[in-house]
Amino acid sequence: MASFATLLEALVAYEHWLPGQPLSTHTHRTYLTQVNQYCTYLSTLCWEYGHPLREPHARDYAVRDYKTALKTVRHAKPSSVNLALAAIDHFYRFLELPPPQVKREDLPAQAPRALEPPEQKRFLRAVERCISVRDRAIALLLFYTGLRISECAALQLSDVRLSSRKGLVIVRMGKGNAYREVPLNAEVRAALDTWLEQRKKLAEQRNESALFLTKRGTRLATRTIDDLVRRLGQDAHLDLSAHILRHTCLTNLVRHGNDLVLVAELAGHRRLETTRRYSLPTAADREAAMEGLKVDY
């Protein structure tokens with residue numbers, strides 16, 4: 001176990017250790033800030049039960065009391081409390097101690113982040129303005145089918161079935177290696193049909209079976225799909241990802257009154273509980289409910 005004479009020594013050593021950990025720059029900064037605040041708090045204690053950076057019971061009691069202080073003194077939200085506890089866990093891992101035995105805060109159940117109707121309108125208009133036939137087809141496919149970005153990148157030409165009135169996309173290896181078929185609406189069919197005409201010219205360069213190709217005729221990478229979705233989001237003034245498009249599709253299906261079992265099948269969910277999250281109220285739903293609570297008097 002790492003041992004330091006003072007809290008400051010431990011904090012400085014943790015700061016030098018952090019950059020070598022597989023965390024984002026943002027997480028590095030956040031953890032360091034949280035641990036700094038925790039050490040400042042420890043410096044105000046009398047350490048009645050022993051050294052909180054060395055002894056398990058002293059550690060647990062100190063973190064439990066700190067959690068209480070976050071809630072009652074700083075009025076931190078449950079998510080902020082849990083973030084602080086995660087940072088402190090990481091700090092104790094650096095000290096080669098087990099994580100503190102402290103219960104996390106229960107977070108209120110929330111619906112997944114999906115585009116609101118006005119945002120969907122802005123996104124679809126951005127797609128309409130997009131010059132690239134391929135990018136339009138990908139954007140509409142993600143928006144109207146809820147495919148995961150990895151599933152989209154893995155599609156083969158043979159996985160899309162189009163006719164004048166019907167269309168189908170086949171996901172052969174979804175999450176958990178699950179197979180599913182997702183019908184395509186008229187807008188997606190039209191976009192894919194246009195792309196397939198253009199694709200013929202690219203496919204002449206090499207024998208590539210992927211549905212979506214680069215200008216060189218090679219399979220489109222997941223990263224490229226992510227980039228094009230984010231660019232469309234910027235054009236629509238939205239913070240966007242393929243995952244948000246998936247959430248939007250599934251939320252729309254649920255809110256249009258479709259059966260949860262049907263939505264779970266289209267989404268490739270193995271558990272119905274996962275799909276039920278899309279029926280949870282949003283902050284806007286709660287606000288509308290309370291605003292509508294009026295009594296004539």
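Biologist: How many disulfides are there by the rule used here?

Modeller: The model is a predicted one, and the count comes to zero disulfides. A disulfide is a covalent bond between the sulfur atoms of two cysteines.

Biologist: How do you know that Cys-46 is in no disulfide?

Modeller: A disulfide requires two cysteine sulfur atoms within 2.5 Å. For Cys-46 the nearest cysteine sulfur belongs to Cys-39 and is 17 Å away, so by that cut-off Cys-46 is in no disulfide.

Biologist: And what is the nearest cysteine sulfur to Cys-130?

Modeller: That of Cys-152, at 14 Å.

Biologist: Are Cys-46 and Cys-130 buried or exposed?

Modeller: Exposed means over 50% relative accessible area, and buried means under 20%. Cys-46 has 68%, so Cys-46 counts as exposed. Cys-130 has 16%, so Cys-130 counts as buried.

Biologist: Where does Lys-77 lie, and why is Lys-77 called exposed?

Modeller: Lys-77 is in the loop between helix H3 (56–72) and helix H4 (78–94). Its relative accessibility is 62%, and because the threshold is over 50%, Lys-77 counts as exposed.

Biologist: What makes Phe-123 and Phe-143 an aromatic pair that is tilted?

Modeller: Ring centres must lie within 6.5 Å, and theirs are 5.6 Å apart. The angle between the planes is 35°; stacked needs under 30 degrees and edge-to-face over 60, so the pair is tilted. Phe-123 belongs to helix H5 (residues 117–129) and Phe-143 to helix H6 (residues 133–145), so this pair, 20 residues apart, links distant parts of the chain. Both are buried.

Biologist: How many aromatic pairs does the structure hold, and which residues do ring pairs link into a cluster?

Modeller: There are 13 aromatic pairs. Ring pairs join Tyr-14, Trp-17, Tyr-38, Tyr-41, Tyr-66, Phe-91, Tyr-92 and Phe-94 into a cluster.

Biologist: Why is Thr-145 called buried, and what does Thr-145 touch?

Modeller: Thr-145, in helix H6, has a relative accessible area of 3%, which is under 20%, so Thr-145 is buried. Leaving aside residues up to four places away in sequence, Thr-145 touches Val-182, Pro-183, Leu-184, Cys-249 and Leu-266. A polar atom of its side chain lies 2.4 Å from the backbone oxygen of Leu-141, and the side chain of Thr-145 also reaches the backbone nitrogen of Leu-147 at 3.4 Å. Polar contacts are counted within 3.5 Å.

Biologist: How do you know that the span of helix H9 agrees with its number of residues?

Modeller: H9 (residues 222–235) has 14 residues, which at 1.5 Å a residue should span 20 Å; the end C-alpha atoms are 20 Å apart, so the two agree.

Biologist: Which residues of H9 are buried, and why are they said to line one face?

Modeller: Ile-225, Asp-226, Leu-228, Val-229, Leu-232 and Gly-233 are buried. Seen down the axis of H9, the buried residues fall within an arc of 165°, and therefore they line one face of the helix. They pack against H5, H6, helix H7 (149–154) and helix H10 (242–255). The face turned away from the buried side carries the exposed residues Arg-223 and Gln-234.

Methods. Residues numbered from 1 in each chain as written. Predicted model: local features only at pLDDT ≥ 70, side-chain atom pairs only at ≥ 80, totals over all residues. Heavy atoms only, no water. Phe/Tyr/Trp six-rings, centres within 6.5 Å; stacked < 30°, edge-to-face > 60°. Helix = DSSP H or I, 4+ residues; strand = E, 2+ residues; numbered from the N terminus. Buried < 20%, exposed > 50% of the residue type's maximum accessible area, 1.4 Å probe, protein only. Expected span 1.5 Å × (residues − 1). Arc of directions from axis to C-beta. Contact = heavy atoms within 4.5 Å. Polar contact = N/O pair within 3.5 Å; in protein donor to acceptor, adjacent residues only side chain to side chain.
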